Every structure is written in C-alpha cells, then in structure tokens.
Amino acid sequence: MKRTITMILSVVLCLVFVTGCATTSAGIPDTTTADEIAVIETTTIECITTTVEPTTEPATTTVPAETEKEIVYTPITSNKVSSDIPDETEPPYKPQYKPSTKPSDPNATGDEATIPQRPTHTTDDKKYKYIAFTFDDGPHYELTYKFVDKLAQYGGVGTFYVVGNRIYGEQANAMKYAYDMGNEIGVHAYTHEYYYHTCSDATFRSELSKTAKLITNITGEYPLTMRPVGGGITSSRVKSSGFAVINWNVDSNDWRYTGRYSTYAKNQNVNTIVNNVLNSVDEGDIVLFHEIYYNSYDAFCKVIDTLYKRGYRFVTVSQLLALDEGDKGKLYYNAY
C-alpha cells in the first residue's frame, strides 16, 4: 500500500514539474506581476548591450543611387591605375601596331640592328593644323596601348606624362611601346601625392628625379619635358626643374566624367568630354587627357576622328613647340 501511494505521489510531482516547464518555456507565467515583467525585460536588454562589442565599422545597408556631382581634383594617392571599369565583355586588348624592328641605319650590325626605327613628325607642312595631345597619370596596362594605336591609325603621336611608381610589369612594357611608336614620354610625378607649388624642395626634386631615372632606364632617353600635378608650380621651381614645363590650354576634364554605371551614363559622359575638346580646340593647342580612364579613351577616339577630318595632325609637345635643351626652365601652355 505504501509503495502504491509513493508511486501516485511521484506521478503527481512529475506532472507538476512538466506543467511548470511548459509554462516557463511558453513565456512569463500569468501569475507574474507587471513589476516583475519590467525587471525581466530590463535585465535582458542590459545583458545584450554589455556583451555585444562591434569589431568593425557597421556595414552600409543601402546603396545610394549614383548621380553626377561636383568633383574636386586631388592627387591620386594609390598605385591603382584606373578608377573605372572596362566592359566585362571586351577581350584583353592586344596592340595593333608593332614597333618597327628595322634599324635606322641599314648597315648597322649587332645591338644597333635591334633598335626600333622611331617615326619622325614635323609641323613644317602648313596645309595642316597641328596640335599636341597629352595623357597624364599612366602608364596603364591596357589603355596606353589603345591610345598609342589610335594615334598611329592617323600617323600621329602624343606625349605621355607618367607616374613613376606605376612603371612596372606590363605598365612598363606599355610605356616602352608608346616610346617605340614615336611618342614622347615626360615626367609627371613619382607618387602623385604632392602639388609642386606647396610641397617641400626635397619632395619636389625626388618626385621628378626618380621618375626621370625610370623613364631613362626603360627608354634609353632622358625626358625633356615634365608636367606638374594639377598644373600647380611656382615660377622658381619652373626655372630649377631641369625640364621644359608643360601645362595645357584645352582641358577635356575627363577625370570628372568617368562613370560607366549604365550605357546611358557612359554615353553622356563620353559626349561631354568630346564636346569639352571640340568646342575649344584650335591650331597650336596642347590638349589634356588622362590615360587611365575608359571613358577618356572612348571620347578620345571620337575627338581624333573628327579633328583629322578637319585637317588637324597630331604631334608631340616637343615637336609642336620645337623644344630643345635651351627650353629647360620655361613654362608653356600652347604654341602661341
């Protein structure tokens, strides 16, 4: 009899225990007071707040729509050679025009016989109007080749103002290709982090000399011209630079219109760049492009196609200005 009573009590206790668990897991029991609920809720919130420590900046949960906005030109501080994105469907570009391997002297032998014959251009033929296209911020592993080949399509050449810490690997090969095709290579900067009218004398000398040395090592020719970052330079530094200093008088403003986030946006930006040049260019002008943007190349193709039909021909800055060693320490904007 005792065992039966004991078993009955055990079953009752188990049922009470299970009922209590169910009540707890389903939520706060009906018998809990409002004050007790408040205490429970406050304790839970405090627990979460004190145990979650963010280790990184919170991720952006929304992506704002890309729109045109005012951009302030600042020196490029990274080694990235393009802030634009090429079309995903385009295959890797291969140069169309190969530098000549014929020696300039047909009787040359040995090492001399491997020197490419660089084309020469003059501005003596007055039936044409001559301008100089210039390209900043390269070299670029793909676009340098494309700019060079487009110029070559019309028998033209230009001047490429390069950034020293980007002259390596395929980009160095691209710069050499531009040189071998008759284009001029000039100094722009080594890091592209400093304006030459505000930096220290030591930085100014370093930015120029290190880049000039790289250009010389690769092309075999010491550059005659340089272009200040952003066009800023003092008159005293022009004189002490050791180069003919070249600014420009026609600005494509291509760096403002690099967006390719839709076909419409790309076309609008390219057409704006084209109009910036065609609406202001004239004989003897120095035209500024940047060789690291895909929109710049697309616009350049339209510009050069149009100008060639208008009787323009395309030469280097040194050819346009007829520069020589005596022009070092002088500043130019155009040929007039």
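Predicted model: local features only at pLDDT ≥ 70, side-chain atom pairs only at ≥ 80, totals over all residues.
In which strand is Thr134 found?

**View 1. Thr134 sits within strand S1.** Strand S1, residues 129-138, is where Thr134 is found. Thr134 has a relative accessible area of 0%, and it therefore counts as buried, the cut-off being under 20%. Leaving aside residues up to four places away in sequence, Thr134 touches Thr159, Tyr161, Arg227, Ile286, Val287, Leu288, Phe289 and Val317. Look also for Ile246: its C-alpha lies 9.6 Å from that of Thr134, although 112 residues separate the two in sequence.

**View 2. Helix H3 and its mostly covered surroundings.** Of the 11 residues in H3, nine are buried. They are Leu143, Thr144, Tyr145, Lys146, Phe147, Val148, Asp149, Lys150 and Leu151. What do these buried residues pack against? Their partners are the strands S1, S2 (159-163), S7 (286-290) and S8 (312-314), together with helices H4 and H8. Just after H3, keep an eye out for Gly155, which takes a positive phi of about 70 degrees.

**View 3. Helix H3 alongside helix H4.** Here H3 (residues 143-153) meets H4 (residues 169-180), with axes that come within 9 Å and cross at roughly 15 degrees. The two helices are therefore roughly parallel to each other, and H3 passes H4 in a left-handed crossing. On the H3 side, the contact is made by Thr144, Tyr145, Val148 and Asp149; H4 contributes Glu170, Asn173, Ala174, Met175, Tyr177 and Ala178. By residue class, this contact divides into six nonpolar, two polar and two charged.

**View 4. Helix H4 against helix H5.** How do H4 and H5 lie to each other, roughly parallel or roughly perpendicular? The axes of H4 and H5 (residues 201-219) come within 10 Å and cross at roughly 70 degrees, so the pair is roughly perpendicular. In this case the crossing, as H4 passes H5, is right-handed. Ala172, Met175, Lys176 and Tyr179 of H4 make the contact with Ile215, Ile218 and Thr219 of H5. Five of the contact residues are nonpolar, one is polar and one is charged.

**View 5. The largest nonpolar core and a separate one.** In soluble globular proteins, nonpolar side chains tend to be buried together. The largest nonpolar core in this model has 54 residues. Phe133, Tyr196, Phe289, Leu307 and Phe314 are the residues with the most contacts inside this core. Helix H8, residues 294-309, gives the most to the core, with eight residues. For a closer look, settle on Leu307: not counting residues up to four places away in sequence, Leu307 touches Ile131, Phe133, Leu278, Val281, Tyr312 and Phe314. Another core, of 15 residues, lies apart from the largest one and includes Ile286, Leu288, Val315 and Leu320.

**View 6. Stepping back to the whole chain.** Nine helices and nine strands make up the elements counted in the protein chain. How much of the chain counts as buried? The figure is 42% of the 336 residues. Among contacts with a separation of 6 or more, 80% involve residues 24 or more positions apart.

Notes
Residues numbered from 1 in each chain as written. Heavy atoms only, no water. Axes fitted to C-alpha atoms, helices over the stretch in contact; angles between N-to-C directions. Helix = DSSP H or I, 4+ residues; strand = E, 2+ residues; numbered from the N terminus. Parallel < 35°, antiparallel > 145°, perpendicular 65-115°, else oblique. Left-handed = near helix turned anticlockwise from the far one by under 90°. Contact = heavy atoms within 4.5 Å. Nonpolar A, V, L, I, M, F, W, Y, C, P; charged D, E, K, R; others polar. Core = buried A, V, L, I, M, F, W, Y, C linked by side-chain atoms within 4.5 Å. Buried < 20%, exposed > 50% of the residue type's maximum accessible area, 1.4 Å probe, protein only.
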